[in-house]
Structure formats: structure tokens, C-alpha cells
Amino acid sequence: MSGDASTWVVAGLELLAALAIAGFWATWWREPHEEPWLPAGYREHEEVFVVPDAVLALVLVASAVLLVLGESLGRSLALVAAGMLAFLGLIDLAYFARHGLFARERGGLLNGAIVLGVLVLAAILIVRFA
């Protein structure tokens, strides 16, 4: 079991991110997404991210558990998760920017928070474990 406080903080952030991903999709499916300003094909575009987001959440949980247990595989999985977070965060950044989805009246605050959170966690994992 790890006695390093920073490892516990990082593991907690990973678990929080995994829960946020699950919570995002649990609520996303319950909304109609029929706003007139949404880009054509928005729903189809977003739906394809369920699988990579689910895999990312599992990698985050596995990394967190292994880090706390002091297993070196946890560090490697943290870097895999960092790459996945960076890739998905940059896709969201580009898509939201291209379609004006950072505008306040188009859910921009939440979209910005998601992109920022994902990219910051990727950076934390890279700095901590690279």
C-alpha cells in the first residue's frame, strides 16, 4: 500500500474522472439534444465516444487501484490514461471550437470545464509519472 500522499491524490483524481465520465453519459442519454444550434450529426458524433470513454474510465480505475497498491503497472496505466485524456480532450477542443460550442448560450461553460479538466488531468498524470 502506498504511503505517498501525492499518489493518493492522483488516484483520487483518476477515480473522480472515471465517475465524471460515467455521470456524463448517464445524464447525456436522458436529454433530447434537439437544440437548433447543435451541429448537424451532433448526436451521431457524440455517441461514438461512449466506447473510448468507457475504456478510459476502466483504465483510470485500474491505474488508481494499482497506484494505491504500489504496483508499477499503475504508473504505466496512468500514462496510457494521460494519452487517452489528451487525445479525447483535443478532439473535444477542436470540435467545440469549430462549432461554436464554447459560447455561453450553447453550453460553453460546461464544455469548457470538460475540456479543461480532461487536459489538466492528462498533464498531471504526465508530469507525475513520465
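In which kind of crossing does α4 pass α5, left-handed or right-handed? I looked this up before anything else. The model is a predicted one, and I found that α4 passes α5 in a left-handed crossing.

**Entry: α4 and α5**

I noted that two packed helices are described by the angle between their axes and the distance between the axes. For α4 and α5, the axes come within 8 Å and cross at roughly 150°. Angles over 145 degrees count as roughly antiparallel, so α4 is roughly antiparallel to α5.

I then listed who touches whom. On the α4 side the contact includes R75, A78, L79, D92 and F96, and on the α5 side it includes N111, I114, V115, R128 and F129. Sorted by class, the residues of this contact are 18 nonpolar, two polar and three charged.

**Entry: α1 and α5**

Next I looked at α1 against α5. Their axes come within 11 Å, with a crossing angle of roughly 150°. That makes α1 roughly antiparallel to α5. I recorded the crossing as left-handed.

From α1, the contact is made by S6, T7, V10, L13, E14, A17 and F24. Their partners in α5 are I114, L121, I124, L125, R128 and F129. I sorted the residues of the contact of α1 with α5 into nine nonpolar, two polar and two charged.

**Entry: α1 and α3**

How close do the axes of α1 and α3 come? They come within 8 Å, and they cross at roughly 155°. That makes α1 roughly antiparallel to α3, and I noted that the crossing is left-handed.

Among the α1 residues in this contact I wrote down W8, A11, L15, I21 and W25. Among those of α3 I wrote down V50, D53, L60, A64 and V68. The class count for the contact of α1 with α3 is 16 nonpolar, two polar and two charged residues.

**Entry: the largest pocket**

Last, I looked for empty space. Rolling a probe the size of a water molecule over the atoms shows where empty space is left. I read off a volume of about 900 Å³ for the largest pocket. It is lined by 36 residues, and the closest to its centre are F24, F96, L110, N111 and I114.

Which helices each supply at least two residues of the lining? I found α1 (5-28), α2 (42-47), α3 (50-68), α4 (73-98) and α5 (108-129). By class, the lining of the largest pocket has 24 nonpolar, six polar and six charged residues.

I also checked some names against the earlier entries. F24 of α1 is in the contact with α5, and F96 of α4 meets α5.

Technical notes
Residues numbered from 1 in each chain as written. Predicted model: local features only at pLDDT ≥ 70, side-chain atom pairs only at ≥ 80, totals over all residues. Heavy atoms only, no water. 1 Å grid on protein atoms, 1.4 Å probe; cavity = no way out; pocket = protein on both sides within 12 Å on 5 of 7 lines; lining within 4 Å. Points joined across faces, edges and corners; volume = space filled by probe spheres on them. Helix = DSSP H or I, 4+ residues; strand = E, 2+ residues; numbered from the N terminus. Nonpolar A, V, L, I, M, F, W, Y, C, P; charged D, E, K, R; others polar. Axes fitted to C-alpha atoms, helices over the stretch in contact; angles between N-to-C directions. Parallel < 35°, antiparallel > 145°, perpendicular 65-115°, else oblique. Left-handed = near helix turned anticlockwise from the far one by under 90°. Contact = heavy atoms within 4.5 Å.
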